[in-house]
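Visitor: I am new to this structure and would like to understand the words used to describe it. Could you take me through them with care?

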Amino acid sequence: MPSTHDILVTGAAGFLGSHLCDRLLERGHRVVGLDNLCSGTRDNLAHLQAHPRFRFVEQNVTAPCTLQVDRIYNLACPASPPHYQQDPVGTTLTSVLGTWRMLELARRCGARLLQASTSEIYGDPAVHPQREDYHGDVNTVGPRACYDEGKRCAETLCFDYLRQHGVAVRVARIFNTYGPRMLPDDGRVVSNFIVQALHGQDITLYGDGRQTRCFCFVDDTVDGLLRLMESDSTGPVNLGNPHEITMRVLAAEVLALTGSSAQLVFRPLPQDDPRRRCPDIALAQRVLGWSPQVPLAQGLRRTIDDFARRLASPRTPDEA
Ligand code: NAD
Ligand code: UDP
């Protein structure tokens, strides 16, 4: 029987964190979920309230932590641009001080720490697709820098704790992930388009809608995180779906799948919005045996079903 662990998941009440908690509990682990609920919600964990191996702690990841654990998944950080730009100083501190706190905890406990890094560390990339050895192109003084630079510094701390203190670290560079439990007012493109289509409201394309992203279904991303944590690789490893599409194509897909006749409208492109983004996942394939399994249409259908259910009865906790 595979060994079980005492696991801390920070950012547990968020979109990715709540799915990760589910998967860890399914595997028999004991899980503490830590979150300050700044961009997450208790609804995401409501179905785990009575679970005998789950405990929730409402706390800032930057605060001292006295838990005893042997695995730490550090996901605490707002991830959608409107959320992380609401309190940019808080966002930088969450990444830098929060990661430092968790690395200190890992050092004290002899625990392994997985850091949820991001494709945003590549900024508006000059090379395509992005490989892990590309060092990125980030505007350090722009409105996205609080997130991008915070995450870059978090990566630096991880590798310095490895070199200086021997802490076992794993760094995942997560590309755009979507799925059930994204918040309707999250502000990211997939949730915006689905909510707008279901309500018959205008679909807001920023800029000319020709910028690209690659969308990975949440089950695939979580599978990659679990594999990386238990692998011998420190990373950084890209986790993303290499199927690259424009936002226009995404809008058309969502309209087709919802059967909506909502109209497209164009809004200004936010400053420093990356024009192209696509992961090179050769490393993840080689060292983790990982590649995404869920095609976009299938993942969108499951996400649309979840939004439709929650929008119809907003108070019902999601059990997707
Ligand atoms: P999310 O906003 O849904 O979840 C983040 C969670 O962290 C929320 O529950 C929030 O309340 C919590 N949090 C934020 N600041 C905190 C703090 N100071 N102390 C304690 N808790 C705090 O976002 P998500 O999409 O689930 O992203 C989770 C992690 O994955 C983030 O670190 C994000 O940077 C990373 N990531 C996500 C994506 C994606 O596409 N979803 C892509 C790249 C990286
Ligand atoms: N976007 C859009 N309409 C929206 C929300 C976002 O066209 O209603 C665009 C945004 O400008 C970006 C892309 O969709 O080019 C992805 O945005 P998101 O915020 O989801 O993720 P990120 O920019 O962080 O990759």
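Predicted model: local features only at pLDDT ≥ 70, side-chain atom pairs only at ≥ 80, totals over all residues.

Visitor: What classes of residue make up the contact of α5 with α9?

Guide: The contact of α5 with α9 has eight nonpolar residues and one polar residue, with no charged residues.

Visitor: Why are α5 and α9 called oblique to each other?

Guide: Helix α5, residues 189–199, and helix α9, residues 296–312, pack at an angle of about 60°, with their axes 10 Å apart. Roughly parallel would need an angle under 35 degrees, and roughly perpendicular runs from 65 to 115, so with an angle of about 60° the two helices α5 and α9 are oblique to each other.

Visitor: What is the handedness of the crossing of α5 and α9?

Guide: The crossing of α5 and α9 is right-handed.

**Two residues with positive phi**

Visitor: What makes L37 worth a remark, and where is L37 placed?

Guide: L37 has a positive phi of about 65° although it is not a glycine, and its place is in the loop between β2 (30–35) and β3 (54–58).

Visitor: How do you know whether L37 is buried or exposed?

Guide: A residue counts as exposed if 12 or fewer other C-beta atoms lie within 10 Å of its own; L37 has 11 within 10 Å, and therefore L37 is exposed.

Visitor: And how do you know whether R181 is buried or exposed?

Guide: R181, which also has a positive phi, of about 85°, although it is not a glycine, lies in the loop between β7 (177–178) and α5. The cut-off for a buried residue is 20 or more other C-beta atoms within 10 Å, and R181 has 24, so R181 is buried.

Visitor: Which residues touch the most other members of the largest nonpolar core?

Guide: Of the 78 residues in that core, V9, I72, L113, A172 and F193 touch the most other members. Leaving aside residues up to four places away in sequence, I72 touches L8, M102, L105, A106, A111 and L113.

Terms used
Residues numbered from 1 in each chain as written. Chains lettered and ligands numbered in written order. Axes fitted to C-alpha atoms, helices over the stretch in contact; angles between N-to-C directions. Helix = DSSP H or I, 4+ residues; strand = E, 2+ residues; numbered from the N terminus. Parallel < 35°, antiparallel > 145°, perpendicular 65-115°, else oblique. Left-handed = near helix turned anticlockwise from the far one by under 90°. Nonpolar A, V, L, I, M, F, W, Y, C, P; charged D, E, K, R; others polar. Core = buried A, V, L, I, M, F, W, Y, C linked by C-beta atoms within 7 Å. Contact = placed C-beta atoms within 7 Å.
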